[in-house]
Protein chains: 2
Amino acid sequence: MVNQQFAFAIHIMTALAYSGEVMDSQMLARSVNTNPVVVRRILLALRAAGLVETIIGKHGGSRLCKPASAISLRDIYDAVAAQPIISVSQRKAWRHCEVSCRMRKIMSAVADEAERAMRSHLKAVTLQRLVRQIR
Amino acid sequence: MVNQQFAFAIHIMTALAYSGEVMDSQMLARSVNTNPVVVRRILLALRAAGLVETIIGKHGGSRLCKPASAISLRDIYDAVAAQPIISVSQRKAWRHCEVSCRMRKIMSAVADEAERAMRSHLKAVTLQRLVRQIR
DNA sequence: CTAATTGTAACTAACACAATTACAGTTTCG
DNA sequence: CGAAACTGTAATTGTGTTAGTTACAATTAG
């Protein structure tokens, strides 16, 4: 299993949308069943993407910046996805082989298109829809 | 970067389709720039999926079972994809939190749909198309 | 001032994966 | 037959990624 960050981020965002209030990293960590620092690291990425805002100091925490209906899963994906999901080999090509020489370019296109297809699907799913599935 | 197996498999299949002949794991390894054992492991998966056939013994190697026009990148993806691309947390839910309790089911659906969207895109791309990009 | 909270660095532990070595089994061909 | 050239496969290693954890400075509420 690789990179749970997307799953964590979806969970965090759903919890924030469901509660509608400020939640601190400890509450979120209990819900996700992980460590508050892990939650805060993800919140930083979500904040950088303009999805949540954070209050520091006592009684601090985070809340959504926008209504859940205006947030798609692609927004969340883009906020936390560090690496493309399909990796392209960066090895040196073998000069005597045409396949080897052209592979990187071809594979990059394949990986790009595949990821775009997935992101385009995620764009159609709103956070609101997930919240409705809780109730 | 995670799981280069898909990239390796695409490279191997493209090389086999391009040459049209039997290639042994050492030739393929040179083209991919990796170790013959790594290639053989991927060939096992491709064989199990019915995409290639292997000849053992001297002058052995592998070749495609079907024409490149009859092989989609989804076939290759399914042959080597061990884990779903989006992982779902398998942690115990926190009973006092409704979001936590329903998250696994919701996230499983999200991951399934996203992967299906990607696979459905890959189905539309044939190996033949990649080979044409080499020439 | 004290308590609660975030931001962040530093380190550890676990895990995934490619690379590598080694060797038994199979086949070709002199 | 016997050597050479392959595959199949197990075992081990090295490396990189990631979540977990601890610690602490900075900030804020009361």
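**Surface near DNA strand C**

I noted that α2 and α3 (36–48) of chain A, together with α3 (36–48) of chain B, each supply at least two residues of the surface near DNA strand C. Helices here are DSSP runs (H or I, at least four residues), numbered from the N terminus. The model is predicted: local features need pLDDT of at least 70, side-chain atom pairs count only at pLDDT 80 or more, and totals for chains, interfaces and linings use all residues. Residues are numbered from 1 along each chain as its sequence is written, and chains are lettered from A and ligands numbered from 1 in the order in which they are written.

The largest share, six residues, comes from α3(A). By class I have twelve nonpolar, 14 polar and five charged residues (Ala, Val, Leu, Ile, Met, Phe, Trp, Tyr, Cys and Pro are nonpolar, Asp, Glu, Lys and Arg charged, the others, Gly among them, polar).

**Chain A against chain B**

I then looked up the contact, which takes 43 residues from chain A and 43 residues from chain B (C-beta atoms, placed from the backbone, within 7 Å). On the side of chain A, the largest share, 14 residues, comes from α5(A). That side divides into 25 nonpolar, twelve polar and six charged residues.

**α1(A) and α2(A)**

Last, I checked the crossing of α1(A) and α2(A), which is right-handed (the near helix is turned clockwise from the far one by less than a right angle). A:Phe8, A:His11, A:Ile12 and A:Ala15 of α1(A) meet A:Leu28, A:Ser31 and A:Val32 of α2(A).

Technical notes
Two residues are in contact if their C-beta atoms, placed from the backbone, lie within 7 Å.
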